[in-house]
Amino acid sequence: MKSNFDLQEPEEELFEHYRFDVPKGQALLRIDKYLMLMVPNATRNKIQNAATNGDIYVNDIPVKSNYKVKPLDVIRILLSHPPFENRVDPEDIPLDIVYEDAALLLINKPPNFVVHPGHGNYTGTLVNALAFHFENLPLNSSERPGLVHRIDKDTSGLLVVAKTEAAMTHLAKQFEDKTSEREYVALVWGNVKEEEGTITGNIARHVKDRMQMSVFADPEIGKHAVTHYKVLERFGYVTLISCKLETGRTHQIRVHLKHIGHTLFNDERYGGNLILKGTTFTKYKQFIDNCFKTLPRQALHAKTLGFVHPVSGEMMRFDTEIPKDMSDCIDKWRNYSISNAAEEEE
């Protein structure tokens with residue numbers, strides 16, 4: 001005769017899709033509102049449905065959408081299927097490797113190349129390429145093989161990839177402790193007044209547009225972020241600047257620069273694909289259209305990356321050339337600026 005235990009259906013296996021460790025300073029906030037700030041592409045309706053279905057857990061107990069998040073809560077979203085982001089199929093995609101040894105490698109990522117699988121991009125990513133070219137790469141805290149950090153799809157430039165567990169731990173700590181060196185070159189709308197400056201502001205998901213990040217004045221919302229900038233060259237209606245990251249938040253440079261009124265040139269997500277500065281002349285509009293065609297993405301390049309080698313202890317610093325699409329656009333602006341200056345002198 002079967003026992004009651006034998007007659008029970010096996011428990012359904014659940015997979016963790018998101019986890020958030022609530023910081024000490026968090027004010028009481030409904031969990032549906034909290035998760036809208038934290039989960040990419042989330043809507044309040046989707047979050048409330050997840051709560052109704054019992055998919056949202058706080059401290060391992062299912063909660064409803066009106067639960068008030070409090071400091072030190074552990075929030076998890078558990079679903080019956082594994083997240084697609086964690087399924088990596090190896091793909092034979094060529095990589096521009098600028099340095100490699102037994103512990104790590106440096107990749108110069110071209111624009112229009114997604115770093116890891118995610119919503120709408122489950123194949124053709126850098127992680128898919130890494131899985132093809134390298135075996136047994138260590139997993140980071142998000143279970144993504146080799147990745148110590150990331151840059152946006154349409155941002156070009158340097159990425160370091162760890163090849164061993166020890167290298168992953170050592171490099172990740174440098175990024176966390178802000179001892180790594182990361183310098184970007186950006187072309188932004190407007191004539192930046194100060195020769196150099198620092199932008200400080202917490203970053204979290206935009207309240208209305210879930211595809212954007214935003215700067216919040218409330219210190220309890222978002223993550224602390226600091227960007228240092230310096231003017232490299234002025235072209236009148238746009239400015240070429242250098243940005244050094246003290247922290248590494250999602251869209252940090254793009255959001256911080258928009259916050260101070262200098263949106264990245266041709267950054268569609270943040271409105272930089274519109275004519276934000278300049279004249280109303282048809283000739284000027286044609287010039288901008290040509291610039292957008294030359295550089296069909298945001299004008300941002302991860303130019304310099306520096307860190308201490310996890311094995312040798314040597315300080316390593318790598319530098320890359322600005323890619324052709326961006327340098328051609330810069331040249332157009334440089335020539336336009338020189339031409340305008342010459343006309344004004346006549």
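Visitor: Which element gives the most to the lining of the largest cavity?

Guide: A general idea comes first: rolling a probe the size of a water molecule over the atoms shows where empty space is left. In this predicted model, β16 gives the most to the lining of the largest cavity, namely three residues. Two elements, β10 and β16, each give two or more residues to that lining.

Visitor: What volume does the largest cavity have, and which residues line it?

Guide: The volume of the largest cavity is about 30 Å³, and the count comes to one cavity of 30 Å³ or more. Its lining consists of His149, Leu158, Arg182, Tyr184, Ala302, Thr304 and Leu305. Sorted by class, four of the lining residues are nonpolar, two are polar and one is charged.

Visitor: Which residues does Ile241 touch?

Guide: Leaving aside residues up to four places away in sequence, Ile241 touches Tyr184, Val185, Ala186, Val188, Val192, Tyr229, Lys230, Val231, Leu232 and Leu257.

Visitor: Why is β9 described as largely enclosed?

Guide: Seven of the seven residues of β9 are buried, so β9 is largely enclosed by the rest of the structure.

Visitor: In which sense does β9 pair with β8, and in which with β16?

Guide: Strands of a sheet pair through backbone hydrogen bonds, either parallel or antiparallel. β8 and β9 run antiparallel and are joined by six bridges; Leu104 stands opposite Ala162 in β9. With β16, in contrast, β9 pairs in the parallel sense over two bridges, and Ser156 has His301 in β16 as its bridge partner.

Visitor: Is α6 mostly covered or mostly exposed?

Guide: α6 is mostly covered, with six of its eight residues buried. The buried residues are Gln252, Ile253, Arg254, Val255, His256 and Leu257. Just after α6, Gly261 takes a positive phi of about 90 degrees.

Visitor: What strand order does the open sheet of four strands have, and which strands stand at its edges?

Guide: The order is β1-β6-β3-β4, with antiparallel pairing. β1 (15-21) and β4 (61-62) stand at the edges; each has a single partner strand, so one side of each is left without a neighbour in the sheet. Strand β3 (residues 56-58) and β4 run antiparallel, joined by two bridges, and Val58 has Ile61 in β4 as its bridge partner.

Visitor: How many helices and strands are there in the protein, and what does its C-alpha trace span?

Guide: The protein has eight helices and 17 strands, and its C-alpha trace spans about 100 × 45 × 35 Å along the principal axes. Of its 346 residues, 45% are buried. Among contacts between residues at least 6 apart in sequence, 67% join residues at least 24 apart.

Methods. Residues are numbered from 1 along each chain as its sequence is written. This is a predicted model: local features need pLDDT of at least 70, side-chain atom pairs count only at pLDDT 80 or more; totals for chains, interfaces and linings use all residues. Side-chain values use heavy atoms; hydrogens and water are left out. Contact means heavy atoms within 4.5 Å. On a 1 Å grid over the protein atoms alone, a cavity is a set of points where a 1.4 Å probe fits but cannot get out, and a pocket is an open set with protein on both sides within 12 Å along at least five of seven lines; lining residues have an atom within 4 Å of a point. Grid points are joined across faces, edges and corners, and a volume is the space filled by probe spheres set on the points. Ala, Val, Leu, Ile, Met, Phe, Trp, Tyr, Cys and Pro count as nonpolar, Asp, Glu, Lys and Arg as charged, and the others, Gly among them, as polar. Buried means under 20% relative accessible area, exposed over 50%, partly exposed in between (1.4 Å probe, protein chains only). Two strands pair if DSSP finds at least two bridges between them.
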